[in-house]
Amino acid sequence: MLVQFTVFVQANGYLNQMTIDQRDAHLLRLLQRDCRMSNAELAQTVGMSTSACWRRVRAFEDTGVIERYGAQVQPAKLGLTFQAIVHVQLTRHDPDKLEDFVTAISLRPEVQECYATTGQADYQMRILCRDLEAYNAFLEGFLFRMPAVESAQTNVVLKEIKRAGQVSI
């Protein structure tokens with residue numbers, strides 16, 4: 001079990017040190033599981049006063065340890081049943097074309113995640129679409145028209161085994 005660790009956070013233009021103890025880790029795990037828990041429930045569960053709990057959660061928010069709150073949505077319930085991992089290789093690493101690629105990818109709703117990686121592919125993307133036809137439209141109408149893209153290899157997701165919405169603490 002985690003006892004204590006230190007994180008360095010950027011706040012107000014300064015690099016600050018924040019110690020995360022066992023109680024803090026418990027708070028963060030609870031908030032990741034259910035961000036709608038009331039402050040009173042959180043405080044009671046971790047054994048803190050409500051004011052101390054509120055100050056600690058606020059410190060996590062202010063320092064960026066807690067980036068945002070949100071709901072985890074089931075894509076299939078919304079008709080988004082096609083998912084793929086796409087390995088993208090760029091033609092060359094021209095800074096202007098690279099910037100255009102990153103900007104365009106960031107604006108596409110089909111792109112759920114995108115990572116610059118080492119290895120044969122330059123980028124790995126997780127794509128979520130309505131169906132194969134919508135994915136093909138994404139490829140033909142957008143990705144293959146980008147000057148920076150040399151090739152893309154698609155791996156269709158057959159079954160989701162694990163989708164972690166939480167950071168292990």
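At what angle do helix α1 and helix α2 pack, and how far apart are their axes? Before I answer, note that this is a predicted model, in which local features need pLDDT of at least 70 and side-chain atom pairs count only at pLDDT 80 or more, while totals for chains, interfaces and linings use all residues. Residues are numbered from 1 along each chain as its sequence is written, and side-chain values use heavy atoms, with hydrogens and water left out.

Now the answer. Helix α1, residues 22-33, packs against helix α2, residues 39-46, at about 135°, and the axes are 10 Å apart. Axes here are lines fitted to C-alpha atoms over the stretch in contact, and angles run from 0 to 180 degrees between N-to-C directions. Helices are DSSP runs of H or I of at least four residues, strands are E runs of at least two, and both are numbered from the N terminus. The angle makes α1 oblique to α2; the cut-offs are under 35 degrees for roughly parallel, over 145 for roughly antiparallel, 65 to 115 for roughly perpendicular, and oblique for the rest.

On the α1 side, the contact (heavy atoms within 4.5 Å) is made by R23, H26, L27, L30 and L31. From α2 come L42, T45 and V46.

Next, α2 and helix α3, residues 50-63. Their angle is about 105°, with the axes 9 Å apart, so α2 is roughly perpendicular to α3. N39, A40, L42 and A43 of α2 meet T50, C53, W54 and V57 of α3.

Now the pockets. A pocket is an open set of points on a 1 Å grid over the protein atoms alone, where a 1.4 Å probe fits, with protein on both sides within 12 Å along at least five of seven lines; lining residues have an atom within 4 Å of a point. Volume is the space filled by probe spheres set on the points, which are joined across faces, edges and corners.

The largest pocket has a volume of about 1,100 Å³. It is lined by 30 residues, and R68, G70, Q72, G165 and Q166 are the closest to its centre. Helix α1 gives the largest share of that lining, four residues.

The second largest pocket comes to about 210 Å³. Of its 15 lining residues, L80, T81, Q83, V157 and E160 lie nearest the centre. Strands β3 (82-90) and β5 each supply at least two residues of this lining.
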